[in-house]
Amino acid sequence: MSSDAVKKRKPKFIRNEAGTPETKRGRAEGDQVTHPAGPRLIGQRKLITAKNQDVRVYNEEVELEDRDPQQDYMLYKDTCADLAKLMAEIQELKSGGAKVGSVEIEERHRQCSIHFITLKKLNRLAHMRLKKGRDQTHEAKQRVDVLHLQLQNLLYEVMHLQKEISKCLEFKSQHEEIELVSEEEFFQEAPAEISRPHVTRDDQHQLTLARLDWELEQRKRLAEQYKMSLARKEKIQKAIEQKREYLSSLQPGLHNIMQASIPVQEYLSMPFEQMQKQAEVARHLPPALYVLMVQAAAYGQACDKTLSVNITGDVDEAKALSRRPEDSQDDESDSDAEEEQQNTKRRRATVGIQLEDKRKEMLRRHPLSLCVDLKCKDGSILHLFFCYLMNLNILTVKTKVSTAVDLSGAVSAGELLNSESLLNCLYASDHGKETPNPVNRYQFDKVGITTFADYVSDLGHPYVWVQKLGGLQFSSDGAQSELSGSALSASHMERTMKLLRGRLQARLALHKQFSSLEHSIIPVSSECQHLFPAKVVSGLTRWTMMSYQEFTELGFVQHVLKAGLVCETDLFFMAVVERGTARLSAAVVVNPRYPEVMPLFSLSLHWKGERSGRTEDNLRAMESEVNVFRAELQGPRPGLQLLTNQIQRLCVCLDVYLETESQVCDGSEGPKEFPREKMCLRTARGPSRLKPFKYNHPQGFFSHR
């Protein structure tokens with residue numbers, strides 16, 4: 001039987017004329033068909049004979065139900081073995097010189113064809129079993145889905161019933177909002193005709209009604225007492241008015257006494273007269289500066305005795321501005337005619353000069369300004385100069401720092417006490433570059449001013465917190481408050497003064513720390529010594545300041561820039577930590593709100609190649625050690641040692657990394673470049689082989705987090 005005939009044969013419909021051994025077997029009982037030597041054919045095929053038709057139908061699916069898969073597998077193995085044996089015999093016959101058309105070779109060819117038919121039969125049965133198993137699995141999944149849907153419906157009904165029950169249980173009557181006396185107090189104080197103990201002790205409803213009756217009686221009694229108290233209050237108020245009239249009559253006499261006591265005030269350093277003069281000058285302040293002066297002086301008297309408030313500027317010019325327009329119109333009416341004649345003779349000014357004059361008038365400051373001095377315990381003073389721009393209706397501030405000692409030693413600390421950036425981001429996202437008043441945008445368009453940032457160095461910074469201290473609030477503010485004027489200023493005064501004092505202390509502490517860091521010394525206070533091991537081999541070799549442009553050009557900080565974690569108002573530094581041939585570069589970003597916001601470190605290691613936190617899991621773990629665990633590194637409040645503690649921990653992490661990495665990578669004998677000096681429970685853990693960077697005090701060993 002050729003292979004083409006086997007392929008064209010239809011397995012399910014076999015005609016009488018077919019010449020296969022299976023069909024011949026069913027023609028007559030006496031007919032005998034001889035089969036070649038080898039394994040028998042697969043099972044007994046089931047044939048169904050239709051009435052009055054010479055056609056026999058064969059159904060393999062019916063046969064599949066009666067067959068054993070294990071027996072088919074054994075038959076498959078036997079058939080493969082016999083087929084291999086026949087192939088070997090054919091090979092031997094051909095090698096022995098037998099011809100291709102010889103009887104022996106043809107006989108074995110026929111036997112091989114029968115075995116191939118058997119294998120095809122087994123293949124079909126295997127595919128049918130697979131399909132049947134998949135169908136059964138699909139039916140089982142459908143049944144499970146139906147049951148799951150029914151379960152979800154039941155759970156939804158249960159949840160609905162629970163909500164209805166909760167609504168019933170949470171129903172409140174109006175009498176529940178009334179605060180009644182306790183039951184014990186009710187039975188003790190209420191009369192028997194209201195309390196009725198023989199009825200209310202057993203009936204909760206009657207008890208509630210009785211308690212409500214008692215509450216009504218008590219409130220009637222309290223209302224009577226309230227009327228009596230009001231009558232007594234009126235009598236007291238009349239007495240107060242009489243005494244007030246008496247005290248007002250003493251004013252002229254007291255004024256004479258004050259004038260006579262001026263020499264005594266000067267001798268005792270009690271400047272009551274100076275305070276009175278300052279109060280008179282304060283009358284000519286604009287409303288915003290006046291509110292700021294009053295609230296700052298009140299805060300100084302109540303909470304900070306070292307705070308001082310002074311008014312500076314030209315008082316006469318301020319008085320001229322505060323005069324009414326009617327008064328000034330009479331004085332200037334005589335000179336109007338002369339000015340008109342002179343103006344006609346003058347050369348017309350150019351458009352540029354006129355526009356510049358309009359800009360100056362638009363940015364005109366009030367002649368009086370306010371100076372607030374904040375003094376620290378170390379003798380340093382923060383001078384705040386508040387000005388009011390009359391046409392823009394905003395407040396601006398300039399700063400100056402006075403210190404008891406010279407602070408010109410540290411080169412990298414040049415921007416710390418710079419008056420242009422000292423108060424940046426005192427509150428989050430408050431850079432003070434643009435005016436917070438939305439009306440100013442349209443005023444600037446008229447005079448050709450593109451941005452207010454060009455005039456900040458001369459006029460001062462219009463921070464949002466400065467406007468709130470002056471009682472000013474604009475619709476562009478992110479969080480609108482119902483307060484205004486003095487109430488708004490008082491609500492922000494205490495917190496703002498604390499932030500200002502904290503900013504000055506933080507910058508002075510950083511200035512002192514930078515002086516040590518530039519000399520490769522990491523100052524660690526005694527309160528923070530327990531955070532690090534006794535011996536740290538890696539050391540800081542360089543600490544320099546860099547610009548924002550230089551920071552953006554570094555390759556290992558691009559992920560920080562894409563995440564938006566830095567801005568141009570931050571301070572940028574480069575720290576280099578070395579040990580042997582290893583050099584660790586750290587790009588440090590110090591937020592203006594330090595130490596409230598942690599400095600951000602980005603690392604790059606040059607040792608056996610260049611590595612960074614983007615390519616090395618252990619460097620990323622080192623970055624998390626210095627960037628994440630603020631509670632461990634903050635030290636004593638307010639956390640002014642945070643930056644130096646981060647740098648010291650970076651040195652410790654580099655020691656652990658080099659000692660454990662060299663032990664893993666260097667399998668050669670002999671002295672190692674970085675001998676292991678730190679005690680670690682495990683040198684590496686997990687698929688990423690992370691190092692144990694966490695230091696455990698007082699045990700003195702390193703472990704994984």
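**Close-up 1. Contacts around L382 in the predicted model.** Apart from neighbours within four places in sequence, L382 is in contact with V372, D373, L374, T399, K400, V401, L422, L500 and L504 in this predicted model. L382 belongs to strand β6, which spans residues 381–389, and it counts as buried because its relative accessibility is 2%, under the 20% cut-off. One of the residues in contact with L382 is V401, which lies 19 residues away along the chain, with 4.8 Å between the two C-alpha atoms.

**Close-up 2. The two faces of helix α17.** In helix α17, formed by residues 439–447, the residues N440, Q443, F444 and V447 are buried. Viewed down the helix axis, these buried residues of α17 fall within an arc of 100°, and they therefore line one face of the helix. The exposed residues Y442, D445 and K446 are carried on the face of α17 turned away from the buried side. Just after α17 comes G448, which takes a positive phi of about 80°.

Close-up 3. Five strands, in the order β8-β9-β10-β11-β12, form an open sheet with antiparallel pairing. Its edge strands, each pairing on one side only, are β8 (539–546) and β12 (610–612), and the twist from one strand to the next averages 20°. Within this sheet, β10 (residues 582–590) and β11 (residues 600–606) pair in the antiparallel sense over seven bridges, and the bridge partner of R583 in β11 is H606. Helix α23 (residues 617–627) packs on the sheet, where it touches β10, β11 and β12, and its direction makes about 150° with that of β11.

Technical notes:
Residues numbered from 1 in each chain as written. Predicted model: local features only at pLDDT ≥ 70, side-chain atom pairs only at ≥ 80, totals over all residues. Heavy atoms only, no water. Helix = DSSP H or I, 4+ residues; strand = E, 2+ residues; numbered from the N terminus. Buried < 20%, exposed > 50% of the residue type's maximum accessible area, 1.4 Å probe, protein only. Contact = heavy atoms within 4.5 Å. Arc of directions from axis to C-beta. Pairing = 2+ DSSP bridges. Axes fitted to C-alpha atoms, helices over the stretch in contact; angles between N-to-C directions.
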